[in-house]
Amino acid sequence: REKLCAAAREAGDAKKEKGIEEYIGIFRELRDRDGYGELFRTLVGEMRSEKDIKKGGAELNLAYERQEAWAIEIFRKMVIDCLSGVQETLETYNVRHDAFDFESELGWEGSNTAFLDIMTKTSYFVPQTNCNDKGVPEGAYLNMKQFIEDQKLPVGKKGYMKPFPNLYVLRPDGSTLYTFRDIVYSFKKAHHADLVLNVIASEQDLAQQKVALAMYMMNPELVGRQYHLSYEIVKLKTGKMSGRRGRYLLADDLYDQLKQEVRRKMGAKYEERGENVDPAFFDEVTHEVSTAAMKYALLSMSCQTQISFDIAKVTDFEDASAPFILYNSTRLSSVINKFDGLVESKKVKALPDISEIDWSLLDSQMEWEMLLEYIWSYPSLIRNAASPALPKPPVTPEFGCHKICEFLNLYVRSLSSYYGPKGVRILPRKDQTEVPEDQQRAMHARIFLCKAFRQVIDNGLDLLMIKPLRKM
């Protein structure tokens, strides 16, 4: 460390010295992190045995593209091990993928060669060289700036950046770059779909624009077939995460923290009510509430907004969270279950067919406001959130998962006032020995209404991949 920093100071490079200090600090953080000691020592030991890590990595990458068996074995084991871990984490949240593609197979089947042959025939292609006009090696690229000018595409606000950088497709050694392989893969996806949405973080905005422009260059009919669905980063209260700097929180660890907080809050509620809860049920319901809290927190913000993840806030049972929505949904279920109990005890009549309900008995303005504002408007909300207009590139469509979250939060707030202590009475009082016919008919109308209210919550939660609960 001292030698590196001294060399940077002698060269007058303060930025380099600061970078060395930062990465030495990261080195120590990783080395001392719980459970990482052995892994870290093994990894550093292996890297020290490699004379030139950058050169060795390039040789490994080229050997993999050339289908050399030893390189394939290394890459495939690494990818499958990592992917298995990702799938195991996603399974916690009941999230699954239909299929995975190995991008490398596009090259092995000849697609990369075929696309590269087309690219080289365009007037925008500049081949790789070991000595460019600056005397250094340079990979092959497409002159996207010239292409944008020739096609008279928009630049500046709501257009492409100016000047637009080159799209590099090959390294100087002839191996393909990620963006080139993404172009080939994008053509494959576009061939099998009417519309492709690439869900990738906002740091890839420029790279995705390059991919879309290359598709336009090679086949103008594909303009608007593929869009980049960009999303912003997640920040913890402790600061910004960075994979390259080793500053991150594992999703599994975050789930454990969420569940611990949910268990604490729900356990306190049960204790306050004097309820003894079956441990198996408690574990199951706190799992569902914890995964729901995570999903809602991520989906409740616009894709263009950074998320500041606060465990206390996302597990708040009082407002603007999945636990708040689930809790109020179970309160509706409780009302419906209590009605069913009254029917079983023959204290009230069973629900008639819905065609026999006298809806004029819903005499509270609150009930009709709920119907107009939330029930009847729900289909148009979903249509607008899920099917936005597709703009002309490079502008991207704005999908509205966060609008569904906002709707559910406002809706449940109103619902809690509806059946709360100062709201509309739905069931007879506990001290009532008889329930008059007119009261039963009004109750039947309101139980149907409660079922409709609950169904809308269930539908909204289902769209967010959150499992509705009937009891908490």
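The questions and answers below go through the fold of one predicted model.

Residues are numbered from 1 along each chain as its sequence is written. Local features of this predicted model need pLDDT of at least 70, side-chain atom pairs count only at pLDDT 80 or more, totals for chains, interfaces and linings use all residues, and side-chain values use heavy atoms, with hydrogens and water left out.

Reader: How many helices and strands does the protein chain have?
Author: Helices (H or I, at least four residues) and strands (E, at least two) are DSSP runs, numbered from the N terminus. Counted in this way, the protein chain has 18 helices and 8 strands.

Reader: What is the radius of gyration of the protein chain?
Author: The radius is taken over C-alpha atoms, and the globule rule is 2.2 Å times the number of residues to the power 0.38. The C-alpha trace spans about 95 × 55 × 45 Å along its principal axes. For 472 residues a compact globule would have a radius near 23 Å, but the protein chain has 30 Å.

Reader: Which helices do the buried residues of H2 pack against?
Author: Buried means under 20% relative accessible area, exposed over 50%, and partly exposed in between (1.4 Å probe, protein chains only). In H2 the buried residues are Glu 17, Ile 20, Ile 24, Ile 26 and Leu 30. With contact meaning heavy atoms within 4.5 Å, these residues pack against helix H1 (2–10) and helix H3 (37–48).

Reader: Which residues does Phe 40 touch, not counting residues up to four places away in sequence?
Author: Phe 40 lies in helix H3. Its relative accessible area is 13%, so Phe 40 is buried. Beyond four places in sequence, Phe 40 touches Phe 27, Leu 30 and Arg 31.

Reader: At what angle do the axes of helix H12 and helix H14 cross?
Author: Axes are lines fitted to C-alpha atoms, for helices over the stretch in contact, and angles run from 0 to 180 degrees between N-to-C directions. The axes of H12 (residues 279–299) and H14 (residues 322–344) come within 8 Å. Under 35 degrees counts as roughly parallel, over 145 as roughly antiparallel, 65 to 115 as roughly perpendicular and the rest as oblique. H12 is therefore oblique to H14, and the axes cross at roughly 125 degrees.
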